[in-house]
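This report goes through one protein chain, from its overall layout to a few details. Please look at the sequence and the structure before reading on.

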Amino acid sequence: MEPVVSIIMGSTSDLPILKKAADFLEKMEVPFEMNALSAHRTPAQVEDFATHAHERGIKVIIAAAGMAAALPGVIAAMTPLPVIGLPINSTLDGMDALFSIVQMPPAIPVATVGINAGQNAAVLAVRILALTDPDLAKRYDAFRDSLTEKIVKANQELDALEGYKFKV
Ligand code: RP5
């Protein structure tokens, strides 16, 4: 089995957030790999990864980093693949990482999800892959249906909520 999504994190201290991404890819049966690479600690390895990922069959890259998070943008500059940036709350409530990742200069975008939004990063990757994979699209649709059911159930519980004189 060859990976189609590559999850890259700036440090293993980011792993708890990336596990949410890994869990969703696992649920959707999407083969993925996970590695730590750092724009400032291992720049040569980042270049090697980014320039060759597409030749290995990778279709989407999820790149996560905290602080002055250069990693997703640096990777995006060296790959033809879509890069999903995931800002990690390491300092400054994650705003430093969010702005570092989302505010890419023109022509080299990073598709940025919310701070610590590990699952959303994986959902976006799945939606990209599902465009050309009908079976994956079906699994994703079933996930979407489960979200709808959750709100239907929530409304039934709210309807049953008692103890208010003016709740109608
Ligand atoms: C970033 O610096 C990492 O992505 C991490 O969010 C942050 C701190 O890294 P460690 O000092 O915990 O390795 O490069």
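## Overall layout

The chain contains six helices and five strands. The model is a predicted one. Read from the N terminus, the elements follow the order β-α-β-α-β-α-β-α-β-α-α. Along the principal axes, the C-alpha atoms of the chain fill a box of roughly 65 × 40 × 30 Å.

## The sheet

The five strands make up an open sheet, and their order in it is β2-β1-β3-β4-β5. The pairing between them is parallel. Strands β2 (32-36) and β5 (111-112) stand at the edges. Each of these two has a single partner strand, so one side of β2 and one side of β5 have no neighbour in the sheet.

One pairing can be followed in detail. Strand β1 (residues 5-9) and strand β3 (residues 60-66) run parallel and are joined by five bridges. Which residue of β3 is the bridge partner of V5? The partner is V60.

## A helix on the sheet

Helix α1 (residues 15-27) packs on the sheet. This helix touches β1, β2, β3 and β4 (83-88). The direction of α1 makes about 170° with that of β1.

## The ligand

Which residues surround the ligand? They are G10, S11, S13, D14, H40, R41, A65, G66, M67 and S90.

For R41, a polar side-chain atom lies 3.0 Å from an oxygen atom of the ligand. With G66 the backbone takes this place: one of its polar backbone atoms is 3.0 Å from a ligand oxygen. On its own, the ligand has 360 Å² of accessible area, and the protein covers 75% of it.

## Aromatic pairs

A pair of aromatic rings is described by two values, the distance of the centres and the angle of the planes. The count for this model comes to two aromatic pairs. One of them is formed by F24 and F143, whose ring centres are 4.8 Å apart. Is this pair stacked or edge-to-face? The planes of the two rings stand at 70°, and planes over 60 degrees apart count as edge-to-face, so the pair of F24 and F143 is edge-to-face.

F24 belongs to helix α1, the helix that packs on the sheet. F143 lies in helix α6 (residues 134-160). The pair therefore ties together parts of the chain that are 119 residues apart in sequence.

Note on methods
Residues are numbered from 1 along each chain as its sequence is written. This is a predicted model: local features need pLDDT of at least 70, side-chain atom pairs count only at pLDDT 80 or more; totals for chains, interfaces and linings use all residues. Side-chain values use heavy atoms; hydrogens and water are left out. Two strands pair if DSSP finds at least two bridges between them. Helices (H or I, at least four residues) and strands (E, at least two) are DSSP runs, numbered from the N terminus. Contact means heavy atoms within 4.5 Å. Axes are lines fitted to C-alpha atoms, for helices over the stretch in contact, and angles run from 0 to 180 degrees between N-to-C directions. A residue is near a molecule or strand if one of its heavy atoms lies within 4 Å of it. A polar contact is a pair of N or O atoms within 3.5 Å; within protein, one must be able to donate a hydrogen and the other to accept it, and residues adjacent in sequence count only if both atoms are side-chain atoms. Accessible areas come from the Shrake-Rupley method with a 1.4 Å probe; for residues, only the protein chains shown count as cover. Rings of Phe, Tyr and Trp (its six-membered ring) pair if their centres lie within 6.5 Å; planes under 30 degrees apart count as stacked, over 60 as edge-to-face and the rest as tilted.
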